Amino acid sequence: MNQDTLVVVPSRLAATRLPNKPILPIGQKSMIRHVIQRVKESGFTNILLASGDQEIIDEVAPDNIFTILTDPNLPSGTDRVHAGAKAFDKEGKFKYIVNLQGDMPNFDPHIIGECVKVLAESRSDIATLCAPTTLEDAEKFSVVKPVFGEVKNGIARAFYFSRSKVPYFAEEFYHHLGIYAFKRESLDKFVSLPQAKMELEEKLEQLRALENGMTISIGFTKHVPISVDTPDDLENARNLLA
């Protein structure tokens, strides 16, 4: 699957809750460089950083990966992934495109292969991952919770994603991870769709796919990485990775 897969990390400086977060230091290197290091450890060799900010591209120069400067006004990370993949792979040789969020500095590198495997083994348009979490975690607005059906062979079909504690009476809750694997044609379709009602209300772009009849399969993993969205998250990451 390595040669069929392009791993794209979208990144931007203009985060509302923590501006400039990709280039903020965590220990001896910036957050985005921690992410790139772990992508390299995954075994996938086709790695692309897509950013609307030259400062981020300059930041990862020592890591010797491919980079694409995209339109800074693109509406979402997935739009940035698509723009980067389209510019980088004009011939369309990659079958799978992975969208890995650039704010998870301690993610387990194995999740990239796990996510691509879910996509390859399912008939879905998109694959993603989740991990078991606590009730306390599930009650946090920042933690996205998936709603899914019966699990068969380690894969379930997603019905919804929410920032609310759902399903309300569930005995177990799951934390959605910031990674997606797209079939090439599915990524093209996704970015052609207008933003959807529930996407705008939940501020979750994957709901654009579900509301327009696209299918998302969910795989399961054990490790929930830190997602750095606030100053407190950044401090936690620094304590863990310093």
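Is Phe 88 buried, partly exposed or exposed? Phe 88 has 28% relative accessibility, so this residue counts as partly exposed; the cut-off for buried is under 20%. The answer, like everything below, refers to a predicted model.

Phe 88 has an aromatic partner. A search of the whole structure finds seven aromatic pairs, and one of them joins Phe 66 and Phe 88. Their ring centres are 4.8 Å apart and their planes stand at 50° to each other, an arrangement classed as tilted. Phe 66 belongs to strand E5, residues 66-69, while Phe 88 belongs to helix H3, residues 77-88, so the pair ties together parts that are 22 residues apart in sequence.

Another aromatic pair is made by Tyr 168 and Phe 169. This one is edge-to-face, with 5.0 Å from centre to centre and 80° between the planes. Tyr 168 counts as exposed, at 55% relative accessibility, and Phe 169 counts as exposed at 77%. The ring of Tyr 168 also has a charged residue over its face: Lys 165, at 4.3 Å from the ring centre. Elsewhere, Phe 148, Tyr 174 and Phe 220 come together as one aromatic cluster.

The chain can also be read at the level of domains. The domain assignment gives domain 1 as residues 1-101 and domain 2 as residues 108-225. Taken over C-alpha atoms, the centres of domain 1 and domain 2 are separated by 20 Å. The contact between them draws on 28 residues from domain 1 and 22 residues from domain 2.

The size of an interface is often expressed as the accessible area that is lost when the parts come together. Here, domain 1 and domain 2 bury about 2100 Å² between them, and 64% of that area is on carbon and sulfur atoms. On the domain 1 side, Thr 78, His 82 and Tyr 96 supply 25% of the area buried against domain 2, more than any other three residues.

Charged contacts are present as well. How many salt bridges does the rule find across the interface of domain 1 and domain 2? There are two. Separately listed by residue, Asp 79 forms a salt bridge with Arg 208, with 3.8 Å between the closest N and O atoms.

Technical notes
Residues numbered from 1 in each chain as written. Predicted model: local features only at pLDDT ≥ 70, side-chain atom pairs only at ≥ 80, totals over all residues. Heavy atoms only, no water. Phe/Tyr/Trp six-rings, centres within 6.5 Å; stacked < 30°, edge-to-face > 60°. Helix = DSSP H or I, 4+ residues; strand = E, 2+ residues; numbered from the N terminus. Buried < 20%, exposed > 50% of the residue type's maximum accessible area, 1.4 Å probe, protein only. Lys NZ or Arg CZ within 6 Å of the ring centre and 35° of its normal. Domains from an automatic or database assignment. Contact = heavy atoms within 4.5 Å. Buried area = accessible area lost by both parts, 1.4 Å probe. Salt bridge = Lys/Arg side-chain N within 4 Å of Asp/Glu carboxyl O.
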